[in-house]
Amino acid sequence: AGVLLKCGSPADALAAVAALGDGARAVVSSEWSWPPKAMEGDGVEAAKQHEAAARAVWSRLLTETTRELAIFEEHGERRTRHLEGVRIARTSATRTILSS
């Protein structure tokens, strides 16, 4: 059985991987900073390097872990779309109330 941890920073991720031992892997994320400090250059070349590094990490994950990450990502996207829809509905209701 595996465990998925979502860390708030690269330092937290490294600490978690070190604490969990040999079986732990850090999944590369571009959300912390862009371009990542470990990469040279910027722009298209950095994006290609980042994609290659992310694919290398993802290829080492177990199928079940990859499936869980995909479900987590889809859940996040659905929640974002839902919240955006709620915001639009509230704005519309406010306009209707104010125009009355």
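I looked up Leu-20 first. It counts as exposed, at 57% relative accessibility. My cut-offs are under 20% relative accessible area for buried, over 50% for exposed, and partly exposed in between, with a 1.4 Å probe and protein chains only. The model is predicted: local features need pLDDT of at least 70, side-chain atom pairs count only at pLDDT 80 or more, and totals for chains, interfaces and linings use all residues. Residues are numbered from 1 along each chain as its sequence is written, and side-chain values use heavy atoms, with hydrogens and water left out.

I placed Leu-20 in helix H1, residues 10-20. Helices here are DSSP runs of H or I with at least four residues, strands are E runs of at least two, and both are numbered from the N terminus.

Which residues make the nonpolar surface patch? I found Val-3, Leu-5 and Leu-20, and the patch comes to about 330 Å². Patch residues have over 30% relative accessible area and no salt bridge; nonpolar side chains (Val, Leu, Ile, Met, Phe, Trp, Tyr) are joined within 5 Å, like charges within 9 Å. Areas come from the Shrake-Rupley method with a 1.4 Å probe; for residues, only the protein chains shown count as cover.

**Salt bridges**

I then searched for salt bridges (a side-chain nitrogen of Lys or Arg within 4 Å of a carboxyl oxygen of Asp or Glu). The structure holds two.

Glu-74 pairs with Arg-78, and their closest N and O atoms are 2.5 Å apart. Both sit in helix H3, residues 63-99; because they are four residues apart, about one helical turn separates them. I noted Glu-74 as partly exposed, at 38% relative accessibility.

Arg-87 pairs with Glu-84, with 2.6 Å between the closest N and O atoms. This pair also lies in helix H3, three residues apart, about one turn of the helix. Arg-87 is partly exposed at 46% relative accessible area. Glu-84 is partly exposed too, at 35%.

**Whole chain**

What does the secondary structure of the chain come to? I count three helices and zero strands. Along the sequence the pattern reads α-α-α.

I checked burial next. Of the 100 residues, 12% count as buried. The accessible surface comes to about 8200 Å², and carbon and sulfur atoms hold 57% of that.

Last, I looked at contacts (heavy atoms within 4.5 Å). Among those in the chain with a separation of 6 or more, 32% join residues 24 or more positions apart.
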